[in-house]
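Subject: A structure for you to look through

Hello,

Here is the structure I promised to send over. Please open it beside this email and follow along as you read.

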Amino acid sequence: MLSEEWIDWVRENLARGCTRESLMLEMLRNNISSEDTLQAFRDAAEAPHAEVTHVPCWPERFVFRSCNQATIDGREIRVLARLQRPAAVLLENVLSATECEALIALSSQRMTPSTVVDPESGELAPVQARSSEGTWFARGAEALIARIETRLAQIMDVPVAHGEGLQVLHYRVGGEYRPHHDYFPPDARGSARHMREGGQRTASLILYLNDVEAGGETIFPLCQAAFVPRRGRALYFAYCDPTGRLDPASLHGGAPVEAGEKWIATKWVRQRAYGVRPEDGLAVAANARTHLDGEAA
Ligand SMILES: O=C(O)CCC(=O)C(=O)O
Ligand SMILES: [Fe+2]
């Protein structure tokens, strides 16, 4: 049972503008269980910014919610692991080794230091919390990208047009991505600007493009789960239900790479169509680089 003091502490700190992420991490550091942490947010925050979901956010027709395998785009995709909260599945055989290599080759020429969006100003800035380099591709920018996007849309049960441009990230030894939510924090001023088109993000799919020798897991600190990167696998997780309620249990990060390197590609999907027609290619550029999935720590 969580004491009233913690619930008050959450309420007060939310009111003075602290982020949910920072409060959750502090509670975990104080050995409060993830269940109690989430409950404290529900209890504390019947405030307007706190539309916290009580149930996992599985999309209604998401095939891998119960099926353990399905053939998509001619590939037999298998479920290796599932989390109920947050709603997450680890999938095998999403990309072939050749596709992973081709995606790394396409990206390696165009990498720049990664940024996150400052939640208040909405501006992009490189930050310590995200020590990686990255690039992104407008939807359908290359035949390979278009093919992967069609496959991912089928896996996620979301139209291709709801997807942001594919984001490729490269971490070297020591590179990490501290815990964050991929959704736009509803209580941050900078979010409105990013949600004007396409609405909230509803789910993420991380494609692992190589094997990492040590470290580099995708971690969910509130459920103490860690997924090891492995070439061709994908981690899907959902955090926004059809009514727009968000799942703070989707807090996640990339653990520091200890040996080797790590390449991933991330697809974020929105509530509605995002960007212009896919055939307009680069016109998506102005908005595609909105990986507001962290914050200026
Ligand atoms: O590096 C990872 O495993 C996590 C990446 C991530 O959180 C993201 O791309 O939004
Ligand atoms: Fe993320």
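At what angle do α2 and helix α3 pack, and how far apart are their axes? Before the answer, please keep in mind that this is a predicted model.

**The helix pair**

Helix α2 (residues 20-29) and helix α3 (residues 34-44) pack at an angle of about 135°, and their axes are 10 Å apart. Angles over 145 degrees would count as roughly antiparallel, and 65 to 115 as roughly perpendicular; α2 and α3 are therefore oblique to each other. Their crossing is right-handed. On the α2 side the contact is made by R20, L23, M24 and M27, and on the α3 side by T37, L38, A40 and F41.

Now look at α2 on its own. Its buried residues are R20, E21, L23, M24, M27 and L28. Viewed down the axis of α2, these buried residues fall within an arc of 165°, so they line one face of the helix. A general rule is handy here: an α-helix has 3.6 residues a turn, so residues three or four places apart point the same way. After α2 comes N31, which has a positive phi, near 60°.

**The iron ion**

Next, find the iron ion (ligand 2). Which residues of the protein are its donors? They are H180 (NE2), D182 (OD) and H252 (NE2), which lie 2.1 Å from the ion. Written as a sequence pattern, the spacing of these donor residues is H-x1-D-x69-H. Distant parts of the chain are linked in this way: H180 sits in strand β9 (residues 177-180) and H252 in strand β15 (residues 252-254), 72 residues apart. Both H180 and H252 are buried.

**Two glutamates to compare**

E217 is in the loop between β11 (214-215) and β12 (218-220). Leaving aside residues up to four places away in sequence, E217 touches A226, F227, V228, P229, G253, G254, A255 and K262. One of these, G254, is 37 residues from E217 along the chain, yet their C-alpha atoms are separated by 5.8 Å.

E60 lies in the loop between α3 and β1 (69-72). Its relative accessible area is 82%, so E60 is exposed. From E60 to I145 it is 85 residues in sequence and 26 Å in space, C-alpha to C-alpha.

**Backbone details**

Most residues other than glycine have a negative phi, and most peptide bonds are trans.

- D73 is not a glycine, but has a positive phi of about 55°. D73 is in the loop between β1 and β2, and at 28% relative accessibility it is partly exposed.
- D157 also has a positive phi of about 55° without being a glycine. D157 is in the loop between α5 (143-156) and β8 (166-171), and it is partly exposed, with a relative accessible area of 26%.
- The peptide bond from R85 to P86 is cis, with omega near 0°. P86 is in the loop between β2 (75-83) and β3 (87-92).

**The whole chain**

Finally, step back. The protein chain has seven helices and 17 strands. Of its 297 residues, 54% are buried. Among contacts with a separation of 6 or more, 75% are between residues 24 or more positions apart.

Enjoy exploring!

Best wishes

Technical notes. Residues are numbered from 1 along each chain as its sequence is written. Chains are lettered from A and ligands numbered from 1 in the order in which they are written. This is a predicted model: local features need pLDDT of at least 70, side-chain atom pairs count only at pLDDT 80 or more; totals for chains, interfaces and linings use all residues. Side-chain values use heavy atoms; hydrogens and water are left out. Helices (H or I, at least four residues) and strands (E, at least two) are DSSP runs, numbered from the N terminus. Contact means heavy atoms within 4.5 Å. Donors are N, O and S atoms within 2.8 Å of the metal (3.2 Å for Na, K and Ca); water is not among the atoms, so sites may look incomplete. Buried means under 20% relative accessible area, exposed over 50%, partly exposed in between (1.4 Å probe, protein chains only). The arc is that of the directions from the helix axis to the C-beta atoms. Axes are lines fitted to C-alpha atoms, for helices over the stretch in contact, and angles run from 0 to 180 degrees between N-to-C directions. Angles under 35 degrees count as roughly parallel, over 145 as roughly antiparallel, 65 to 115 as roughly perpendicular and the rest as oblique. A crossing is left-handed if the near helix is turned anticlockwise from the far one by less than a right angle, and right-handed if clockwise.
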